[in-house]
Amino acid sequence: MASSYKKIVVMGLGYVGLPTAAVLASRGVDVLGVDINTKTIELINKGKIHIEEPDLDVLVQGAVKSGHLRAASAPEKADAFIVSVPTPFKENHEPDLAAIEEVAKAIAPVLQKGNVVVLESTVPVGTTNQLSQWLAALRDDLVFPHQGADKPIDVHIAHSPERVLPGRVLVEIVDNDRVVGGLTPVCSEKAAELYKVFVQGECHLTNAWTAELVKLSENAYRDVNIAFANELSNVSDALGVNVWDVVRLANRHPRVNILNPGPGVGGHCIAVDPWFIVSSAPEQSELIRTARLINDAKPKSVVQKIKDAAKSLKTSNVACLGLSYKADIDDLRESPAVEIVRLLADEKDLNCHVVEPHVDVLPPELENLSNVKLQSLEGALKEARVIVLLVDHAAFRAVDQKQLEEKTVIDTRGFWS
Ligand code: SAJ
């Protein structure tokens with residue numbers, strides 16, 4: 001059956017919006033990607049990309065060349081709108097939905113009867129309904145789903161959270177099952193029809209509120225489990241036991257699967273989304289809040305270990321290997337590795353030799369610090385006596401263990417263990 005979605009606008013061309021736009025365009029849909037960043041728009045229209053993600057460059061290049069993908073700063077009339085803009089939190093861990101409200105203002109003037117709007121951004125429970133209200137306030141000539149079932153609805157609205165893993169986005173965007181939660185059952189069906197253009201996984205229909213909590217629960221589940229591993233590493237350190245041995249051997253039990261301790265939890269999702277549950281239901285989410293606090297405290301304990309090691313070796317040179325929030329990507333958002341280097345730099349008698357093969361310049365938090373420099377792996381290993389492995393990049397696998405002899409190694413990922 002031919003899809004009724006001939007033209008789709010994707011609002012937000014980031015780690016999720018751009019791959020979504022490119023995959024839709026590769027299936028023959030006319031896609032307009034909209035972003036507030038003019039440099040991003042210019043790059044994409046030249047067939048280039050601003051993020052690192054396997055195979056995305058080739059896909060975008062082909063989609064732009066075929067004429068199916070364009071980028072612009074404002075939306076146009078279309079059959080459907082996919083919203084994938086950031087939803088960070090404010091200082092007090094309260095969600096910041098300003099970008100979604102801006103999207104509502106941008107798309108309201110071009111909405112037409114029969115349109116479908118799908119919110120993909122991770123949001124607190126109730127936000128899809130809030131989006132419907134924001135749109136209705138700007139378009140009193142159209143009927144929106146929250147306005148009740150007594151009139152035919154003109155614009156269908158649903159939430160379908162993205163679930164892709166950075167580094168595997170183009171595979172997972174097609175293969176993963178999707179949860180599609182409409183504000184009404186018809187909204188769910190219309191949105192699911194849109195995803196059937198490219199999704200090979202199953203589309204599970206539910207309501208918007210459930211879909212919102214499903215996504216938050218997925219990331220809170222992972223955060224709580226990583227917090228368990230991180231707490232176990234603190235316990236093991238205190239008791240003089242090797243945590244990597246504990247995790248490896250415990251996982252030989254058929255029903256145990258402990259995750260890996262690390263320097264902390266980074267990225268834009270797992271370190272953020274659990275707070276959306278805590279802020280909506282603070283009394284009921286003690287475990288989720290505690291897990292966040294345990295994971296957020298991890299960088300400080302790593303810094304203490306590094307300071308102790310430098311002091312006992314009477315050295316000021318520390319090599320910090322990796323800055324991204326996880327292996328083999330260039331994404332430094334909410335990265336515990338960046339936080340660790342920033343905290344170390346407060347110690348004026350320490351010099352941080354940072355190695356990050358995936359970036360050419362230090363991030364703004366580190367660029368003006370006189371005792372932090374970005375260096376080659378070789379150079380850092382030569383100059384430093386304390387070697388800290390912060391990210392398990394494949395590029396660090398090749399380090400000759402002989403080079404580490406007579407150095408103090410702090411391997412926060414158990415990578416070389
Ligand atoms: N981490 C550990 N120990 C582990 C696993 C991860 O310390 O055993 C750390 C990582 O180093 C990293 C952080 O946790 O700093 C998060 O990494 P991740 O690989 O767990 O997740 P993300 O943030 O890259 O992507 C997640 C995924 N969610 C889940 O696995 C439940 C992805 O499917 C989501 O689409 C994405 O969040 C999102 O956008 O929400």
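**View 1. Arg-178 and Glu-120, a buried pair.** Arg-178 and Glu-120 are both buried, where buried means under 20% relative accessible area, exposed over 50% and partly exposed in between, with a 1.4 Å probe and protein chains only. Please keep in mind that this is a predicted model, in which local features need pLDDT of at least 70 and side-chain atom pairs count only at pLDDT 80 or more, while totals for chains, interfaces and linings use all residues. Residues are numbered from 1 along each chain as its sequence is written, and side-chain values use heavy atoms, leaving out hydrogens and water. Arg-178 makes a salt bridge with Glu-120, with 3.3 Å between the closest N and O atoms; the term stands for a side-chain nitrogen of Lys or Arg within 4 Å of a carboxyl oxygen of Asp or Glu. Helices (H or I, at least four residues) and strands (E, at least two) are DSSP runs, numbered from the N terminus.

View 2. Rings of Phe, Tyr and Trp (its six-membered ring) pair if their centres lie within 6.5 Å, with planes under 30 degrees apart called stacked, over 60 edge-to-face and the rest tilted. That rule gives two aromatic pairs. Tyr-195 and Phe-198 are both buried.

**View 3. Phe-415 and Trp-416, a tilted pair.** With ring centres 6.4 Å apart and planes at 45°, Phe-415 and Trp-416 form a tilted pair. Phe-415 is buried at 11% relative accessibility, and Trp-416 is buried at 15%.

**View 4. Arg-292 and Asp-296 within helix H11.** Which residue forms a salt bridge with Arg-292? The partner is Asp-296, with the closest N and O atoms 2.9 Å apart. Because they are four residues apart in helix H11, about one helical turn separates Arg-292 from Asp-296. Arg-292 is buried at 0% relative accessibility, whereas Asp-296 is partly exposed at 33%.
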